[in-house]
Amino acid sequence: LRLKRAVLLEPAYEGYARALEQAGCQVDRFALRPEENFALNVEALLPCLEGAQVLILSNPSNPAGTLLPRSQLMQLVQACAQREMLCVVDESFIQLAEEGSEHSLKQDAVYYPHLLVLDTFSKAYAMPGLRIGYCVSANGELLANMARCGQPFGVTAPAPAAALAALEAPDYLENAHALLKEQRPWLIQQLRELGLKVWDSQVNFVLAQGPEGFCETLAQNGLTVRDCSAMEGLDGSFCRLAVGDHTQNQALVAKLNAVLNGQGQE
């Protein structure tokens, strides 16, 4: 698209800004603040859209794991359409949210040519190594241009086979929702009892904040977490923790307790 200016809702997956900047696009960041629970003020955002060619956001948000209300999303889509700018909504985690389908904009993309919705099999179906994702848009010219700019062989043969198999296993997501509904509140409560700041999430991870240098301390003690320091507005005290089964969550809490109480590795 040869974009000149983009607006990002931050903090967000750092790949958005990196790709835009590599293409010579100016990136303006609109901050969603931790102290405000990453809530979006649409009215405050709208003036920032003037003169931009694209707005990029994730729903559910990454790394906070919160869902933006559908009413706010549609307000943004319509605002972008009025300005003839592209609205890109990344729904990579939406299938893991219990009410995710109610907030998805994939169906709406049929009616809004300025809306582009992204999704992937990496998250909900736990197949990140296969690198298979897709976008939904009613803008045929844009899709054709994207195809021309992509690699001639975008995915390997096993990737679509695995994706089709995943779509034929509806019980998988149902079981995932049941696990998260039971384990996520338990994990959040345990983390808070350890003294960590934890934000409510609707997906398979939670955002936690510990002492200064928290992520580095965890790494030194053998805990692999998603360090959020590369995300705008966050630092090395913020990390994203995955929700596992009860045994895994218990082991995580026990390890965190040992580290926070100075009983981990030196």
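Select Glu84 to begin: in this predicted model, Glu84 has 67% relative accessibility and counts as exposed, because the cut-off for exposed is over 50%. Its place is in the loop between H3 and S4, just after H3. Check the backbone here too, as phi of Glu84 is near 55°, a positive value in a residue other than glycine.

Now step back into helix H3 and select residues 70-82. Its 13 residues reach 18 Å from the first C-alpha to the last, close to the 18 Å expected at 1.5 Å a residue. Which residues of H3 are buried? Colour Gln72, Leu73, Met74, Leu76, Val77, Ala79 and Cys80 to see them. To view what these buried residues pack against, show helix H2 (42-45), helix H4 (100-103) and the strands S3 (54-58), S4 (86-90) and S5 (115-120).

Next, go to Phe38, in the loop between strand S2 (26-31) and H2. Phe38 is a residue other than glycine with a positive phi, near 60°. Is Phe38 buried or exposed? Its relative accessibility is 5%, so Phe38 counts as buried, the cut-off being under 20%.

Select Glu10 and Pro11, where the peptide bond is cis, with omega near 5°. Pro11 sits in the loop between strand S1 (5-10) and helix H1 (15-22). Then move to Asn59 and Pro60, also joined by a cis peptide bond, with omega about 0°. You will find Pro60 in the loop between S3 and H3.

Key
Residues numbered from 1 in each chain as written. Predicted model: local features only at pLDDT ≥ 70, side-chain atom pairs only at ≥ 80, totals over all residues. Heavy atoms only, no water. Helix = DSSP H or I, 4+ residues; strand = E, 2+ residues; numbered from the N terminus. Expected span 1.5 Å × (residues − 1). Buried < 20%, exposed > 50% of the residue type's maximum accessible area, 1.4 Å probe, protein only. Contact = heavy atoms within 4.5 Å.
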